[in-house]
Amino acid sequence: MWVGAICLVLAGSLSAAEVVKVGGAHFPPYVVKSNLQESSGLLPQLLEALNREQSEYHFIMLPTAIVRRFSDLQRGRIDMAIFENPGWGWQDIDADAVDMGLEDAELFVARNEELRDQQYFEQLQGKRLALYRGYHYGFAGFNSDPEYLTRTFNANLGHSHDSNLLMVLRGRADIALVTRSNLYDFLERNREHGRQLLISDRIDQVYRHHAMIRAGAPISPERFAALLEQLRANGELARIFSPYRIAVMPVAADSSAAEYAAD
């Protein structure tokens, strides 16, 4: 009888939790495969940590796509779009931004060849670029239109950082732009390529990650920010993100998206 009573209490506690739907688009290492059966990556780890930290909310990942995530947020299919940056065009969306205090960066990568050095990255004109479709790049004025990127920068647009790096290694592209976290994840998985790649000192952009929470979401921006601070204080954010060279930064109490609009 006691076992049954405990199970009922636990079931009631879980059903009382507010479900928060977080959009997950395939973009390693943040989300590796966005379908619910096979997904992994940093976002699922973060949601697990948030669920362990409290019982008021239950965070789940709902599959979306990079090009669809903002429309899913606006129509309420998801409550939150995460790992977003102020330069990516969401200023007119009815949502609040929460600074997550996480920083990643976009790097230029070329094949390491004799006499090739950092000067190779100074001029992009005339080089074949391997870019991620739907992504916003600083050198292109954050214009993610595929036709514009193809026409203006001779860009090949793919759906995989790994594939873009392999294009560089095989001589099918001159330069790939890759997030720092994904680059070092790739090198960890493919150590034989470590000396074959030339990594730029030049940074295309620094991402100060934000979470976008739609108006009317089950969780308030203030409550989500407080939960992140708990994970920062107990070391969970560092445990999840530091291995991928994503910097875990302090967040000012009055921080806002506007502070980082130039990133």
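Reply: A cavity is a set of grid points where a 1.4 Å probe fits but cannot get out. Please bear in mind that the model is predicted.

Me: How many cavities of 30 Å³ or more does the structure hold?

Reply: Rolling a probe the size of a water molecule over the atoms shows where empty space is left. In this case the structure contains 1 cavity of 30 Å³ or more.

Me: Which residues lie nearest the centre of the largest cavity?

Reply: The lining comprises 20 residues, and those nearest the centre are Phe27, Arg69, Ile82, Phe83 and Glu84. Sorted by class, the lining of the largest cavity has 12 nonpolar, 6 polar and 2 charged residues.

Me: Which strands supply at least two residues each to the lining of the largest cavity?

Reply: They are strand E1 (18-24), E3 and E8. Of the contributors, E3 gives the most, with 4 residues.

Me: What is the volume of the second largest pocket?

Reply: A pocket, in contrast to a cavity, is an open set of points. The second largest pocket has a volume of about 170 Å³. It is lined by 10 residues, and the closest to its centre are His26, Ala65, Ile66, Tyr132 and His159. The lining of this second largest pocket divides into 5 nonpolar, 4 polar and 1 charged.

Me: Let us turn to charged pairs. How many salt bridges does the structure hold?

Reply: A salt bridge requires a side-chain nitrogen of Lys or Arg within 4 Å of a carboxyl oxygen of Asp or Glu. The structure holds 18 salt bridges. One of them joins Asp79 to Arg214, with the closest N and O atoms 2.7 Å apart. Asp79 lies in the loop between helix H3 (69-74) and strand E3 (80-84), and Arg214 in strand E8 (residues 197-214), so this pair ties together parts that are 135 residues apart in sequence.

Me: Is Asp79 buried or exposed?

Reply: Asp79 is buried, its relative accessible area being 2%.

Me: Which side chain does Asp162 meet in a salt bridge?

Reply: Asp162 meets Arg189, at 3.0 Å from N to O. This pair links distant parts of the chain, with Asp162 in helix H5 (residues 161-169) and Arg189 in helix H6 (residues 180-189), 27 residues apart. Arg189 is partly exposed, at 43% relative accessible area.

Definitions and conventions: Residues are numbered from 1 along each chain as its sequence is written. This is a predicted model: local features need pLDDT of at least 70, side-chain atom pairs count only at pLDDT 80 or more; totals for chains, interfaces and linings use all residues. Side-chain values use heavy atoms; hydrogens and water are left out. Buried means under 20% relative accessible area, exposed over 50%, partly exposed in between (1.4 Å probe, protein chains only). On a 1 Å grid over the protein atoms alone, a cavity is a set of points where a 1.4 Å probe fits but cannot get out, and a pocket is an open set with protein on both sides within 12 Å along at least five of seven lines; lining residues have an atom within 4 Å of a point. Grid points are joined across faces, edges and corners, and a volume is the space filled by probe spheres set on the points. Ala, Val, Leu, Ile, Met, Phe, Trp, Tyr, Cys and Pro count as nonpolar, Asp, Glu, Lys and Arg as charged, and the others, Gly among them, as polar.
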